[in-house]
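Subject: Structure handover

Hello,

Here is the structure for you to look over. My notes follow below it.

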Amino acid sequence: MNNLRCVRPLARQAVYLSQQRFLTSDAPTLYTATATTQGARGGQIDGCKGFSSAYAMPKALGGPGGQSKTNPEELFAAGYSNCFSVAMNLAANSMKIRLPRKIEDCQVNAVVKLIGDIKQMDMGFIVNLEVRVKGIEQVDLEKIVEKATEICPYHRSTHAVVDTDIKAISVQE
């Protein structure tokens with residue numbers, strides 16, 4: 001098991017960011033998603049293509065929670081894990097490595113932690129991704145994951161300011 005730390009200490013951020021590819025608003029639009037939220041931490045979110053969900057402040061943050069309700073942190077984790085999975089597929093294809101076809105054999109688990117102080121309105125995220133792939137050599141999986149960090153829009157958009165830890169686990173049969 002190897003952890004690929006993708007943390008950029010503040011002192012190195014400016015140097016790293018100057019080397020990063022930046023896309024500007026004149027880049028071609030590949031896809032547009034929309035969502036409308038009604039109610040701050042207890043209401044309804046409606047997105048394009050019929051996505052709809054009730055949401056509530058989690059109990060851990062003093063809200064009512066609810067089994068059938070989501071929250072921004074869960075949505076962020078879902079989006080990040082799915083986007084990273086797609087980026088891994090793109091990376092693997094470009095490296096001529098074939099990822100397993102069975103969905104249960106290639107998993108990206110995202111844990112998003114909201115950190116900080118609500119009263120001071122000073123909050124941020126810590127993200128832990130665990131990539132678990134069956135039938136790929138560890139060294140190849142690490143190369144795929146490293147390349148995926150360069151492709152994934154979630155990772156590219158957040159890695160300079162969000163503490164992100166990625167663990168790559170090759171599962172051999």
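A surface patch here is built from residues with over 30% relative accessible area and no salt bridge, and nonpolar side chains are joined within 5 Å. Please keep in mind that this is a predicted model.

Nonpolar patch. Leu 61, Leu 114, Ile 118 and Met 123 make up one such patch on the surface. Together they present about 310 Å² of accessible area. Leu 114 sits in strand β5, which covers residues 106-117. Leu 114 counts as partly exposed, because its relative accessibility is 30%.

Second largest pocket. The volume of this pocket is about 220 Å³. Two elements, β3 (42-47) and α2 (72-94), each give two or more residues to its lining. The biggest contribution comes from α2, with five residues. Lining residues include Ile 45, Phe 51, Leu 75, Phe 76 and Tyr 154. Gly 47 and Gly 79 are also among them. By class, the lining has nine nonpolar residues, three polar ones and no charged ones.

Salt bridges. The count is two. In one, Lys 102 and Glu 104 meet through their side chains at 3.8 Å, N to O. Glu 104 is partly exposed, because its relative accessibility is 46%. In the other, Glu 130 pairs with Arg 132, and the closest N and O atoms are 3.2 Å apart. Both partners count as partly exposed, because Glu 130 has 25% relative accessibility and Arg 132 has a relative accessible area of 34%.

Best regards

Methods:
Residues numbered from 1 in each chain as written. Predicted model: local features only at pLDDT ≥ 70, side-chain atom pairs only at ≥ 80, totals over all residues. Heavy atoms only, no water. 1 Å grid on protein atoms, 1.4 Å probe; cavity = no way out; pocket = protein on both sides within 12 Å on 5 of 7 lines; lining within 4 Å. Points joined across faces, edges and corners; volume = space filled by probe spheres on them. Helix = DSSP H or I, 4+ residues; strand = E, 2+ residues; numbered from the N terminus. Nonpolar A, V, L, I, M, F, W, Y, C, P; charged D, E, K, R; others polar. Patch = residues over 30% accessible without salt bridge, like charges linked within 9 Å, V, L, I, M, F, W, Y side chains within 5 Å. Areas by Shrake-Rupley, 256 points an atom, 1.4 Å probe, with all protein chains shown as cover. Salt bridge = Lys/Arg side-chain N within 4 Å of Asp/Glu carboxyl O. Buried < 20%, exposed > 50% of the residue type's maximum accessible area, 1.4 Å probe, protein only.
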